[in-house]
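Hi everyone, thanks for coming.

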Amino acid sequence: MSGLPDALDAAGQPVHTDGVGVLPGLYFAGLDFASTRKSGIILAIAKEAPRLVEHIVGHS
């Protein structure tokens with residue numbers, strides 16, 4: 001991802017805190033252990049998405 005410097009770490013993993021990327025406007029859902037142990041499964045995305053939406057709305 002050369003167009004997004006610092007978005008990934010040395011191992012190629014997204015740099016984030018609970019799905020909120022280090023770059024403004026960059027968010028991740030469905031990553032293993034993003035915010036809970038279940039984050040990597042499809043059903044967990046339904047719980048992560050509203051939290052990320054709240055973050056986006058709160059920072060718009």
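So, how many residues does helix 1 have, and how far does helix 1 reach from its first C-alpha to its last? Helix 1, residues 42-58, has 17 residues and reaches 25 Å, close to the 24 Å expected at 1.5 Å a residue; that expected span is 1.5 Å times one less than the number of residues.

Before going on, some housekeeping. This is a predicted model, where local features need pLDDT of at least 70 and side-chain atom pairs count only at pLDDT 80 or more, while totals for chains, interfaces and linings use all residues. Residues are numbered from 1 along each chain as its sequence is written, and side-chain values use heavy atoms, leaving out hydrogens and water.

Now the layout: the chain has 1 helix and 2 strands, in the order β-β-α. Those are DSSP runs numbered from the N terminus, with helices being H or I of at least four residues and strands E of at least two.

Back to helix 1. Ala44, Glu48 and Leu52 are buried there, buried being under 20% relative accessible area, exposed over 50% and partly exposed in between, with a 1.4 Å probe and protein chains only. The buried residues of helix 1 pack against strand 2 (20-21), where contact means heavy atoms within 4.5 Å.

And strand 1? Thr17 sits in strand 1, residues 16-17. Thr17 counts as exposed because its relative accessibility is 57%.
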